[in-house]
Amino acid sequence: MILVSSCLAGMKVRYNGTDCLDETIQKLLNENKAIAVCPELLGGFSTPREPAEIIGGNGEDVLAGTAKVVDRSGTDVTDMYLEGAYITLAKAQEVSATMVVLKENSPSCGSAMIYNGEFKGKKIAGNGVTTALLRKNGIKVTSEENWLL
Ligand code: SF4
């Protein structure tokens, strides 16, 4: 079974109420070859919500307690990001996911790039909180940008 980000499957779950539809990924879902998860909704957020970025590092640093996730108003939302990550990990293990394709650049789902914490649209190399937790548990994570390669 393949685990994919809900927004890639066309669900309007992003912070601003939009999706990031990838038709190939949506087709996998329609053919029951994939299941969709949104770590942020699983962590207790709703849509729309404020955008958030990791400050002080990347997802691995958040897991280690040396970085945090903060929304644009300055509220520390780290605990909700961790909650969503652990629920996503449980789902991936439950379905014995053989592939995980998550949305690039997200503070939850990014697997190569994330925003740098300044809310200015600047990206840095790094992974999101959910990706970091999945990888820490031996699960391979890729993104919509390179999963077919
Ligand atoms: Fe949800 Fe991940 Fe998509 Fe963000 S990138 S909306 S957390 S599935």
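So, in what order do the elements of the chain run from the N terminus on? Reading along, you get β-α-β-α-β-α-β-α-β-β-β-α-β. That pattern comes from five helices and eight strands. One thing to keep in mind before I go on: this is a predicted model.

Okay, overall build. The C-alpha trace spans about 40 × 30 × 30 Å along its principal axes. Now, what radius of gyration would a compact globule with 149 residues have? It would be near 15 Å, and the chain has 14 Å, so the two agree. Of the 149 residues, 42% are buried. And if you take the contacts with a separation of 6 or more, 59% of them are between residues 24 or more positions apart.

Let's go inside. In soluble globular proteins, nonpolar side chains tend to be buried together. Here, the largest nonpolar core has 37 residues, and V4, V69 and V100 are the ones with the most contacts inside that core. Take V69 as an example. Leaving out residues up to four places away in sequence, V69 touches A52, I54, V62, V77, T78, Y81, P107 and V129.

Next, the ligand. Which residues surround it? Going up in number, they are S5, S6, C7, V13, R14, C38, P39, E40, K103, S106, S108 and C109. By type, that shell divides into five nonpolar, four polar and three charged residues.

Most residues other than glycine have a negative phi, and most peptide bonds are trans. This chain has some spots that go the other way.

Start with P48, in the loop between α2 (39-42) and β3 (52-55). The peptide bond joining T47 and P48 is cis, with omega about 0°.

Then there's S96, which isn't a glycine but has a positive phi of about 50°. You'll find S96 in the loop between α4 (78-94) and β5 (99-102). Is S96 buried or exposed? Exposed, because S96 has 7 other C-beta atoms within 10 Å, and the cut-off for exposed is 12 or fewer. S96 and I2 are 94 residues apart along the chain, yet their C-alpha atoms are separated by 8.7 Å.

And finally F119, also not a glycine, with a positive phi of about 55°. F119 lies in the loop between β6 (113-115) and β7 (123-125). With 14 C-beta neighbours inside 10 Å, F119 counts as partly exposed.

That's what I had, thanks!

Definitions and conventions
Residues numbered from 1 in each chain as written. Predicted model: local features only at pLDDT ≥ 70, side-chain atom pairs only at ≥ 80, totals over all residues. Near = placed C-beta within 6 Å. Nonpolar A, V, L, I, M, F, W, Y, C, P; charged D, E, K, R; others polar. Helix = DSSP H or I, 4+ residues; strand = E, 2+ residues; numbered from the N terminus. Rg over C-alpha atoms; globule rule 2.2 N^0.38 Å. Buried ≥ 20, exposed ≤ 12 C-beta atoms within 10 Å, placed from the backbone. Contact = placed C-beta atoms within 7 Å. Core = buried A, V, L, I, M, F, W, Y, C linked by C-beta atoms within 7 Å.
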